[in-house]
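Thanks for coming. I have one structure to go through this morning, and I will keep to what can be read from its atoms.

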Amino acid sequence: MKTSISQALGNNFLGASPLWYKQAVIAFLIINPIAVVTLGPFITGWLLIIEFIFTLAMALKCYPLQPGGLIAIQAVLLGLTTSDGVYHEVIKNFDVILLLMFMVAGIYFMQGMLLFIFNKLLVKIRSKVAISLVFSLTAAILSAFLDALTVTAVLISVSVGFYSVYHKVASDQSSNNKHNPNSDDNILPVNQLDLAEFRSFLRSLLMHGAIGTALGGVATLVGEPQNLLIAKVAGWDFLEFFIRVAPISMPVLVCGLLTVIVLEKTKWFDYGAHLPENVRNILKKYEEEESQKNTHKNKAQLIVQGIVAVLLILSLAFHVAEVGLVGLMVIVLLTAFNGITEEHQIGHAFEEALPFTALLVVFFTIVSVIHEQHLFQPIIDVVLNMPTHSQPIMFFVANGILSAISDNVFVATIYIGEVKAALDAGSITREHFETLAVAINTGTNLPSVATPNGQAAFLFLLTSAIAPLLRLSYGKMVWMALPYTIVLSLVGGLCVVYFL
């Protein structure tokens, strides 16, 4: 049956997304102009935030770039922000964009070494509690010196590798180089239960690791972008930052790792899945086959990857250059010394990160609306007018709530700017300013694990290639992060009250 042009346009709009989803996005685009006229830009700004969160929540129905991008374009057209305002936000966060473009691609060329190391860990460590602690603690330590996005990229790369190895065998396509891990059509019935359990196993490891990036990221000056920003305003160096934040970051780290043990033992919140024995045997066989195939060429490549990994860690720990530029160095070194010289070979490395980079620019448009319309200003005013002794915990709470629905870098920027203005005006003492700076830092880092909106690493995980493979939806991430959100927020809040 022939379709009309109008039907074809309707079918093409957001592609294979469900009809109700398409209707919801169209409804948003109709409601927003009416809301600007009738309710004003302030209320409409909050409406836009809710709509954008909806597109993130439905990431498995449609990649958020398209619907979120339409909402962002409309925000500029309605005058809720300007193209210059968006550009300013992008330039302000250009280091994050550089990081995504080059560091994630750099990690792609280290896949061989990462799979080699983590495959040995998975096969040899039979205890799920132990392997979960290894993932969480490793992510925490690395995130204290590297960027959380870099660590998340490593976790995603490793998980995609494991999943593809088993999925290929489970669908009896071991010899098929064009095997599609996104489709379960060829999965043998005997392997379906093992595949479901393996998905659950990898989901829990990824979530432990992702939370680990927040546990480590809060502790040091280079752990998160807002840490560096706050340290610059406060005039702290690496060691002073660590010492000032330690009364909160260290107890939170210990309690976070205890939460890993509790969740795996109790199997609450969809944790506790074990690696099926059949899958372990397949991964073990894969490891043995790879070891047998280890020609001098393969060994040389692994050695180069190991040397470059050490250079990467040292470069980031001593902050020799912006993280993204270090990533570009990694790409050049790994491709040059491992014989990867064709353009199409290099191009594959950028497939994972560039869609998310585009989505992040759309996200900055929404952040620009928040800034232009002063959406958070009433909350800031209320907190700054509270009694001095109650301000640290209120800053922690306010930053946590706002960071969970917005961007923690933006929230930290706004709050530290307001507090510095109060210090310059003589409204607060230097000592109180430093106490508030620690509360702002920990507030933006810890409770923001509640949703993928709060931390770029979580958003990256949600919109990565591994999320649909493991059925890791927005709702699932929020649910699995919930126990951590409660523990990190409560322990962090109590430390702010009693130790600051």
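Some ground rules to begin. This is a predicted model, where local features need pLDDT of at least 70, side-chain atom pairs count only at pLDDT 80 or more, and totals for chains, interfaces and linings use all residues. Residues are numbered from 1 along each chain as its sequence is written, and side-chain values use heavy atoms, with hydrogens and water left out.

Salt bridges, then. How many does a search of the whole structure find? It finds eight. The term here stands for a side-chain nitrogen of Lys or Arg within 4 Å of a carboxyl oxygen of Asp or Glu.

Take Glu240 and Arg244. Their side chains meet in a salt bridge at 3.1 Å, N to O. Both residues sit in helix H12, residues 238-266, and they are four residues apart, about one turn of the helix. Helices are DSSP runs of H or I with at least four residues, strands are runs of E with at least two, and both are numbered from the N terminus. Glu240 is partly exposed because its relative accessibility is 28%. Arg244 is also partly exposed, at 30%. For these labels, buried means under 20% relative accessible area, exposed means over 50%, and partly exposed is in between, with a 1.4 Å probe and protein chains only.

Next, Arg430 and Glu434. This salt bridge has an N to O distance of 3.1 Å. Both residues belong to helix H21, residues 430-445, and because they are four residues apart there, about one helical turn separates them. Is Glu434 buried or exposed? Glu434 is buried, since its relative accessible area is 12%. Arg430, at 37% relative accessibility, counts as partly exposed.

Now a salt bridge of another kind, Asp270 with Lys476. The closest N and O atoms are 2.9 Å apart. This pair links distant parts of the chain, with Asp270 in the loop between H12 and H13, Lys476 in helix H24 (residues 474-499), and 206 residues from one to the other. Asp270 is partly exposed at 30% relative accessible area, and Lys476 is partly exposed at 21%. There is one more separation to note for Lys476: its C-alpha atom is 9.6 Å from that of Arg203, although the two are 273 residues apart along the chain.

Asp270 has a phi near 70°, a positive value in a residue other than glycine. Arg471 also has a positive phi, near 60°, and is likewise not a glycine. Where is Arg471? It is in the loop between helix H23 (466-469) and H24. Arg471 counts as partly exposed because its relative accessibility is 38%.

On to the largest pocket. Its volume is about 1,200 Å³. A pocket, on a 1 Å grid over the protein atoms alone, is an open set of points where a 1.4 Å probe fits, with protein on both sides within 12 Å along at least five of seven lines; lining residues have an atom within 4 Å of a point. Grid points are joined across faces, edges and corners, and the volume is the space filled by probe spheres set on the points.

The pocket lining has 34 residues, and Tyr108, Met110, Gln111, Gly112 and Leu115 lie nearest the centre. The elements giving two or more residues to that lining are helices H6 (94-108), H7 (111-124), H9 (148-170), H13 (277-292) and H14 (296-317). By type, the lining has 16 nonpolar, 13 polar and five charged residues. In that count Ala, Val, Leu, Ile, Met, Phe, Trp, Tyr, Cys and Pro are nonpolar, Asp, Glu, Lys and Arg are charged, and the others, Gly among them, are polar.

Helix H9 also holds Val169. Val169 is partly exposed at 32% relative accessibility. Its C-alpha atom is 58 Å from that of Phe433, 264 residues away along the chain.

Last, the surface. Leu137, Ile141, Phe145 and Phe238 make a nonpolar patch of about 330 Å². Patches take residues with over 30% relative accessible area and no salt bridge, joining like charges within 9 Å and nonpolar side chains (Val, Leu, Ile, Met, Phe, Trp, Tyr) within 5 Å. Accessible areas come from the Shrake-Rupley method with a 1.4 Å probe, and for residues only the protein chains shown count as cover. Helix H8, residues 128-145, gives the largest share of this patch, three residues. Leu137 is found in helix H8, and it is partly exposed, with a relative accessible area of 35%.
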